[in-house]
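Here is a short briefing on packing and charge pairs. Look over the model first, then read on.

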Amino acid sequence: MSPKSPQEVLVMCREHDVKAVDLRFTDLLGQWQHTTVPVSQLKEESFEDGFGFDGSSIRGWQAINESDMLLVPQPDTAFVDPFPALPTLVMVCCVQDPITREDYARDPRNIARRAMNYLSGTGVADTAYFGPEAEFFVFDDVRYDQTASEGFYHLDSSEAQWNRGRSENPNLGHKIRHKEGYFPCAPIDQLVDIRSEMMQTLIDCGIEVECQHHEVASAGQTEIDIRFGTLVQIADNLMKYKYIVKNVARRRNKTVTFMPKPLFGDNGSGMHVHFSLWKNGDPLFAGKGYGGLSDIGLHAIGGVLRHAPALLALTSPTTNSYKRLVPGYEAPVNLAYSQRNRSAAVRIPMYSPSPKAKRVEFRCRDPSCNPYLALAAILMAAIDGIQNKLHPGDPFDKNLYDLPPEELRKVPQTPADLDEALRALESDLGFLLRGDVFTEDLLVAWIQYKRAIEVDAIRMRPHPYEFCMYYDC
């Protein structure tokens, strides 16, 4: 059980002979940051007073003239870190201004908290549940570099199709063909033990796991599904999830990446997210409409589809994301909805007739996102759809990948690249600004950073395949 109070955290420290306390927070782009203090520095008043730190060097954060900030530990996030040699307790922190004691507007966790407060204030619902399905690759070796005269990457996996002919002394075969990695047993699936270790470590650290399995791609693609929870709780858990699976892999001399599309010609990694709204303990998405949805559920879909191009700047926020979101391939790029149909951007799962199980799945998102920002943005789009009664139109119950061109032209599609998604966000900020959940200052900083550091960086560099296409021109 997770501690609920500062007193329980201090008891936990004594029971586990903790020597250090690791204070964690998330930068704008979604990477966990930390600073560590001796356990003697953790007092009951620390949970109110916080710990000072310099925020000026954190990506996307404050200017140097306003760099003093506070990390305020949240007792309900405490867990014992299974990786350091020194017994260490981890706590996720909220970031505050040390003078005003207001929550820092660019702290992603605070944005997620404001989204939940805004939801309650609207009267639409009082609870939002999210269930993510994060996919990732486990590789045995990775090398990459980019210089003025050279650019390359090299990935390897013992189970990959391209190693069928490698001399391994002995090579035991059982390599996974491209797009045939979904659910085979060992010895084809060579990652059973490491996935089980990841699963058990997640459980030991307080995350409830529903299942784990090999995913579609060759070369170690994996999925471990965690149980749904409230917005902030799930965003916290996703940060913990990434930390744990990466470090279990490193402990076994392997490496994990959450890049959406590391391999050419095989499936990329998505992070489909299921969500539902509740009020006074009752599910709001269950009804008698299409797919067993209520009007509220349909309007939530309408909001997500209306704002999807802008959403993708936050939910699929890397240049690599759009190498997965390509029409006609594995990822859903058609901004339509359907029950059971995985070729639509929004799906209504039909596994259970129970009203409590009625939910909506947004399938475009990938695991490179900052979970606090991505989940908050999806919630804001759904609220906008409900408040403005945005109907999603007619559903598509046929395979959208096989539509004739004249029909497909009528279906809106996701942006073709990150720059297009950023332009969509620039022109559609309003739904995110309501209730001061996101600030215009933060979104402008996000757009400027992504455009300058990522979009332009890729645009200016020659791609290795361009030499295959153009060297002899």
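Are Asp22 and Arg24 buried or exposed? Both residues are buried. They form a salt bridge, with the closest N and O atoms 2.6 Å apart. This is a predicted model.

**Salt bridges**
- The count comes to 27 salt bridges.
- Side chains of opposite charge can pair when their charged atoms come close.
- Asp140 and Lys254 pair at 2.4 Å, N to O.
- Asp140 sits in the loop between strands S7 and S8, and Lys254 in the loop between helix H5 and strand S13, so this pair ties together parts 114 residues apart in sequence.
- Asp140 is partly exposed at 29% relative accessibility, and Lys254 is partly exposed at 24%.
- Glu361 and Arg347 also meet in a salt bridge, at 2.4 Å, N to O.
- Glu361 lies in strand S18 and Arg347 in strand S17, so the pair links parts 14 residues apart in sequence.
- Glu361 counts as buried because its relative accessible area is 1%.
- Arg347 counts as buried because its relative accessibility is 3%.
- A network of salt bridges links Asp419, Arg423, Glu426, Arg451, Asp456 and Arg459.

**A buried arginine**
- Arg195 is part of helix H4 (residues 192-204).
- Arg195 is buried, at 4% relative accessibility.
- Beyond its neighbours up to four places away in sequence, Arg195 touches Asp189, Gln212, His213, His214, Thr222 and Ile224.

**Nonpolar cores**
- The largest nonpolar core has 123 residues.
- Helix H7 (residues 371-387) gives the largest share of this core, 13 residues.
- A second, separate core has seven residues, among them Phe137, Phe139, Leu155 and Ala160.

Definitions and conventions
Residues are numbered from 1 along each chain as its sequence is written. This is a predicted model: local features need pLDDT of at least 70, side-chain atom pairs count only at pLDDT 80 or more; totals for chains, interfaces and linings use all residues. Side-chain values use heavy atoms; hydrogens and water are left out. A nonpolar core is a set of buried Ala, Val, Leu, Ile, Met, Phe, Trp, Tyr and Cys residues joined through side-chain atoms within 4.5 Å. Buried means under 20% relative accessible area, exposed over 50%, partly exposed in between (1.4 Å probe, protein chains only). Helices (H or I, at least four residues) and strands (E, at least two) are DSSP runs, numbered from the N terminus. Contact means heavy atoms within 4.5 Å. A salt bridge is a side-chain nitrogen of Lys or Arg within 4 Å of a carboxyl oxygen of Asp or Glu.
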